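Colleague: I have just opened this one and have not seen it before. Can you walk me through it?

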Amino acid sequence: MNKDLMANLECAYEEVARAENKKRTCENIQGTIRNIEKDKGNVEFKNILIYRGVGIAAAIVIIEMLGSIAGSMLVAIGNYEGKDWLLPIIIIPTLLAGVLVGVIVSKILKKKLSGNLKKFDDQIAEQQAELNQAQTAYNNMIYQCKVIHSFIPPQYLNTATIQKLYNILQYGRADSWKEALNVLEMDLQNKRMEDDMKHNAYVQEQMLKTLKNTEYQVQKTADMVAMQNLFGNNNNNNNNF
């Protein structure tokens, strides 16, 4: 048992564990940012419904009001037969005025409602700054681990694999670092083969279930067709009598 090597692995495990904790911190912050962005999207959608709805309602009110005034004017004019040219002059400005008022009201309300989105932007900016700091710290920690513990291949620089290497040495499955790496690679290869066998067995099981279900459906259809033919023949025989 190489005590110095195992001591180095213990040290590497602790430092890599701290780096992995920092990585989880980054992932948690990213999740928080996604949740804030989702909440912001929901509020933004509600704002759109509000200011567009209010704008349309304002346009309808103005059109109805001006339409009522225009109707009163036509009534006051009295007999406007032969004066159809008056209708476009009255209707078109009424519609344009209603649309214009609706757009103005919508824009004013949109500007006011956009203020409640600022808090989300501030929260996102705060979390992003924290994320950048955590990512920088994580990258520095990983870099230091690779430099200080360069004897560990980069693909094995994680707590789970370091623990496996430590156990290989601790339980006497290897007497040197090279042997420990070879044993680890064999273990990983056996694990991959085992996983492949399980996956293939699962696929075969699913295929078998699908085949049995297909056979059942085919048999069920065949029975239904036979039953229909039987009833059809009976009806024909009854008609003959």
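Modeller: One term to begin with: a residue is called buried under 20% relative accessible area, exposed over 50%, and partly exposed in between. Arg-192, at 43%, is therefore partly exposed. Keep in mind that this is a predicted model.

Colleague: Fine. What does the secondary structure come to?

Modeller: The protein has five helices and zero strands. Along the sequence the pattern reads α-α-α-α-α.

Colleague: And how much of the protein counts as buried?

Modeller: The buried share is 23% of the 241 residues. The accessible surface is about 17400 Å², and carbon and sulfur atoms make up 58% of that surface.

Colleague: What about contacts along the chain, how far apart in sequence are they?

Modeller: Take the contacts with a separation of 6 or more: 80% of them are between residues 24 or more positions apart.

Colleague: Back to Arg-192. Which residue does Arg-192 form a salt bridge with?

Modeller: With Glu-185; the closest N and O atoms of the two are 3.2 Å apart. Glu-185 has a relative accessible area of 31%, so Glu-185 is partly exposed as well.

Colleague: How many salt bridges are there?

Modeller: The count is seven. One of them joins the side chains of Asp-187 and Arg-173, with 2.9 Å from N to O. Asp-187 belongs to helix α5, residues 177-240, while Arg-173 is in the loop between α4 (159-170) and α5. The two are 14 residues apart, and the pair links distant parts of the chain.

Colleague: How accessible are Glu-205 and Lys-209?

Modeller: Glu-205 has a relative accessible area of 41% and is partly exposed. Lys-209, with 49%, is partly exposed too.

Colleague: Change of topic. How many residues does the largest nonpolar core have?

Modeller: It has 20 residues. Those with the most contacts inside it are Leu-9, Ile-152, Leu-165, Leu-169, Trp-177 and Ala-180. Helices α1 (3-77), α4 and α5 are the elements that give two or more residues to this core.

Colleague: Why would such residues sit together?

Modeller: In soluble globular proteins, nonpolar side chains tend to be buried together.

Colleague: Pick Ala-180, then. What does Ala-180 touch?

Modeller: Setting aside residues up to four places away in sequence, Ala-180 touches Leu-165, Ile-168, Leu-169 and Ala-174.

Colleague: And which residues does the second core include?

Modeller: That core is separate and has nine residues, among them Cys-26, Ile-29, Ile-36 and Leu-131.

Colleague: One last residue. Where is Ser-106 found?

Modeller: In helix α2, which covers residues 86-113.

Colleague: Is Ser-106 buried or exposed?

Modeller: Ser-106 is buried, because its relative accessibility is 13% and the cut-off for buried is under 20%.

Technical notes:
Residues are numbered from 1 along each chain as its sequence is written. This is a predicted model: local features need pLDDT of at least 70, side-chain atom pairs count only at pLDDT 80 or more; totals for chains, interfaces and linings use all residues. Side-chain values use heavy atoms; hydrogens and water are left out. A salt bridge is a side-chain nitrogen of Lys or Arg within 4 Å of a carboxyl oxygen of Asp or Glu. Helices (H or I, at least four residues) and strands (E, at least two) are DSSP runs, numbered from the N terminus. Buried means under 20% relative accessible area, exposed over 50%, partly exposed in between (1.4 Å probe, protein chains only). A nonpolar core is a set of buried Ala, Val, Leu, Ile, Met, Phe, Trp, Tyr and Cys residues joined through side-chain atoms within 4.5 Å. Contact means heavy atoms within 4.5 Å. Accessible areas come from the Shrake-Rupley method with a 1.4 Å probe; for residues, only the protein chains shown count as cover.
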